[in-house]
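Here is a friendly tour of one protein model, with a look at how its side chains pair up and what surrounds its ligand. Keep the structure open beside you as you read.

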Amino acid sequence: MSDPRALGVLQRVFGYESFRGEQQAIVEHVIGGGDALVLMPTGGGKSLCYQVPALVREGTGIVVSPLIALMQDQVDALTELGVRAAFLNSTQDWQQVREVEQAFVAGELDLLYVAPERLLTDRCLQLLERGRIALFAIDEAHCVSQWGHDFRPEYLGLSMLHERWPDVPRIALTATATADTRSEIAQRLSLDQARHFVASFDRPNIRYRIIEKNEVRRQLLEMIRNEHEGDSGVVYCLSRARVEDTANFLCEQGIHALPYHAGLSAQVRAENQSRFLREDGVVMVATIAFGMGIDKPDVRFVAHIDLPKSVEGYYQETGRAGRDGLPATAWLAYGLQDVVQQRRMIDESPGDDGYRRRLGQQLDAMLALCETVECRRVRLLAYFGQNITACGNCDVCLEPPETWDGTVAAQKVLSAVYRLGKERGQRYGAGHIIDILRGKSSERTRQHDHESLSVFGIGADLSESAWRGVLRQLLAKGLLMVDHDGYGTLALTEASRNVLRGETQLMLRREPEKKARSRGGVRTKAPVIDLPADRMPVFEALRAWRAEVARGNGVPAYVIFHDATLREIALAEPQSLQDLGHISGVGARKLEAYGKEILRCVSRPG
Ligand code: ADP
Ligand code: ZN
């Protein structure tokens with residue numbers, strides 16, 4: 001029972017042939033006045049789920065979004081499509097605000113973007129009373145979740161929309177939600193009547209890779225040079241200092257990198273973000289403050305050089321790669337120090353025990369993903385309650401790691417920790433334990449007479465990096481813990497005993513040795529846009545034309561057309577406006593505005 005109006009809007013306005021996945025069901029449900037909670041991965045096509053109903057239903061669709069910095073781009077993109085869109089936020093002067101308000105009251109807007117804190121003001125609520133509302137779309141709905149990584153207190157106030165406008169359908173959307181977060185969203189936004197639409201969270205074009213960290217800046221540089229030279233990418237770090245440091249390093253190495261973190265002025269942040277969106281091949285080095293809602297379709301890689309705090313956050317961040325569906329990379333480097341540091345941060349974090357326990361569980365899930373010998377994607381999707389078979393496009397599938405019986409090695413570590421733990425008031429971190437196991441003499445081993453311990457030198461058979469791997473996995477499995485002393489001292493856990501007594505066999509993941517480690521880099525870069533050689537000049541001509549138009553209009557290039565659309569045009573060689581209109585991504589307004597110039601590019605690319 002499909003609604004012909006919805007398909008008509010999709011084809012005429014957006015230039016797309018058909019709906020994807022659940023889009024049609026969602027769109028029809030909302031057009032019919034129903035509430036919806038939509039879970040789709042980044043790049044899944046959430047925007048159309050509220051944009052199409054807003055165009056079909058009478059009145060204006062009100063979009064609640066925390067992303068003030070992106071509203072201009074979102075409105076520009078809609079305007080390019082011929083949709084009447086505007087926003088209200090703190091960047092506007094009163095004159096601009098008044099114009100938007102008048103347009104809304106006069107029924108001249110299809111979509112109106114509003115920040116949540118703005119929406120909840122009396123002025124805004126009174127304004128909304130004076131116009132006609134087609135629907136409320138609550139974007140980035142996970143911001144209402146207090147346990148999540150993007151909590152925004154203003155979101156808690158949004159449940160009032162339902163009380164004030166009980167007949168207006170509401171659609172909440174997010175790209176990140178475990179079952180827990182999902183019910184939390186439904187409850188806090190009073191969406192108990194809402195139908196839930198949960199799309200597959202798989203993003204098959206993203207290649208997942210998690211490697212052992214040693215010299216992380218060099219490893220990062222190698223990955224970029226070997227696989228993503230000249231591509232747009234994001235590098236996530238945990239601290240501001242690390243952002244600055246890494247951005248400088250990449251710049252010194254000739255990579256066009258920019259920093260982004262909350263310590264920079266709003267102006268610098270806006271400028272760097274705008275360059276990332278508008279210029280080709282910019283690498284953004286950022287804290288997680290960067291990226292939510294960035295809909296740049298051609299981000300080719302997302303790298304994490306510090307261990308993310310949760311699988312949920314990690315999946316959301318990596319999802320920013322490859323929204324255009326073309327091949328992309330998610331790359332994470334992590335090591336023993338990450339585990340120690342994060343456990344310590346959790347211990348020192350404010351909040352009650354329940355809160356810390358929750359952080360600990362999130363970290364455990366992240367560690368289990370890192371140490372898994374199973375397909376990464378199977379693990380990732382299982383976290384969101386979805387089952388798939390091994391993906392063939394992650395490091396584990398492509399180069400299955402070996403496992404080995406690490407029971408004896410683990411016993412050696414645990415007895416060393418046990419021995420040292422008996423020395424009152426002394427604090428020994430992972431490095432010292434490894435020195436003792438390997439029988440490496442140091443000032444500390446001599447000073448504390450640790451060379452006479454029975455465990456001294458019992459682990460000379462394994463390399464230092466292998467021992468780090470063992471310690472890391474013991475920490476990840478909860479067989480060792482970081483003591484609460486703030487120094488990273490290692491201690492035994494309840495579960496350690498079974499291993500010490502030889503009651504459990506422990507299978508560990510073998511860390512690839514140096515040679516193997518760089519193997520991923522040998523892979524030559526696959527072209528993202530594959531076109532026959534004779535079609536390339538047309539594609540290049542179209543890109544050059546697009547760059548000029550985008551500059552002229554002051555918008556990012558992808559707002560004009562995506563690479564995938566240009567590629568299709570170059571392949572199809574349309575000879576008439578009618579042919580051109582059949583290409584995916586070419587809607588009525590763009591056909592009218594750009595059709596002739598495109599046909600000219602196609603016929604005379606030189
Ligand atoms: P999300 O908000 O879920 O991350 P978007 O709404 O930005 O995803 O959509 C991702 C990309 O997919 C966009 O470039 C969009 O134009 C494209 N897209 C979405 N739906 C369709 C469709 N039905 N047909 C073709 N392309 C689509
Ligand atoms: Zn896999």
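Glu 222 and Arg 218 are four residues apart in helix 10, so about one helical turn separates them. Their side chains meet in a salt bridge, with N and O 3.1 Å apart. The term salt bridge stands for a side-chain nitrogen of Lys or Arg within 4 Å of a carboxyl oxygen of Asp or Glu. Side chains of opposite charge can pair when their charged atoms come close. Glu 222 counts as partly exposed at 31% relative accessibility, and Arg 218 is partly exposed at 31% as well. Here, buried means under 20% relative accessible area, exposed means over 50%, and partly exposed lies in between, using a 1.4 Å probe and protein chains only.

Before going on, please note that this is a predicted model, in which local features need pLDDT of at least 70 and side-chain atom pairs count only at pLDDT 80 or more, while totals for chains, interfaces and linings use all residues. Residues are numbered from 1 along each chain as its sequence is written, chains are lettered from A and ligands numbered from 1 in the order in which they are written, and side-chain values use heavy atoms, leaving out hydrogens and water.

How many salt bridges does the structure hold? There are 36. One of them links Asp 245 with Arg 217, whose closest N and O atoms are 3.5 Å apart. Asp 245 sits in helix 11 (residues 240-252) and Arg 217 in helix 10 (residues 216-227), so this pair ties together parts that are 28 residues apart in sequence. Helices are DSSP runs (H or I, at least four residues), as are strands (E, at least two), and both are numbered from the N terminus. Asp 245 is partly exposed, with a relative accessible area of 41%, and Arg 217 is partly exposed at 34%.

Another salt bridge joins Arg 379 and Glu 374, at 3.6 Å from N to O. Arg 379 is partly exposed at 31% relative accessibility, and Glu 374 is partly exposed at 38%. Salt bridges with shared partners also connect Lys 213, Arg 242, Asp 306 and Asp 338 in one network.

Is Gln 219 buried or exposed? With a relative accessible area of 6%, Gln 219 is buried. Its side chain reaches the backbone oxygen of Glu 212 at 3.0 Å.

UniProt, in an unreviewed entry, lists residues 216-371 as "domain: Helicase C-terminal"; such annotations may be inferred rather than shown by experiment, and the positions follow the numbering used here, with shortened feature names. Over residues 216-371 the chain is 50% helix and 17% strand, with its end C-alpha atoms 18 Å apart.

**Around the ligand**

| Residue | Polar atom in | Distance to an oxygen atom of ligand 1 |
|---|---|---|
| Gly 45 | backbone | 3.0 Å |
| Ser 47 | side chain | 2.5 Å |
| His 562 | side chain | 3.4 Å |

The protein covers 84% of the 560 Å² of accessible area that ligand 1 has on its own (by the Shrake-Rupley method with a 1.4 Å probe; for residues, only the protein chains shown count as cover).

Key:
Polar contact = N/O pair within 3.5 Å; in protein donor to acceptor, adjacent residues only side chain to side chain.
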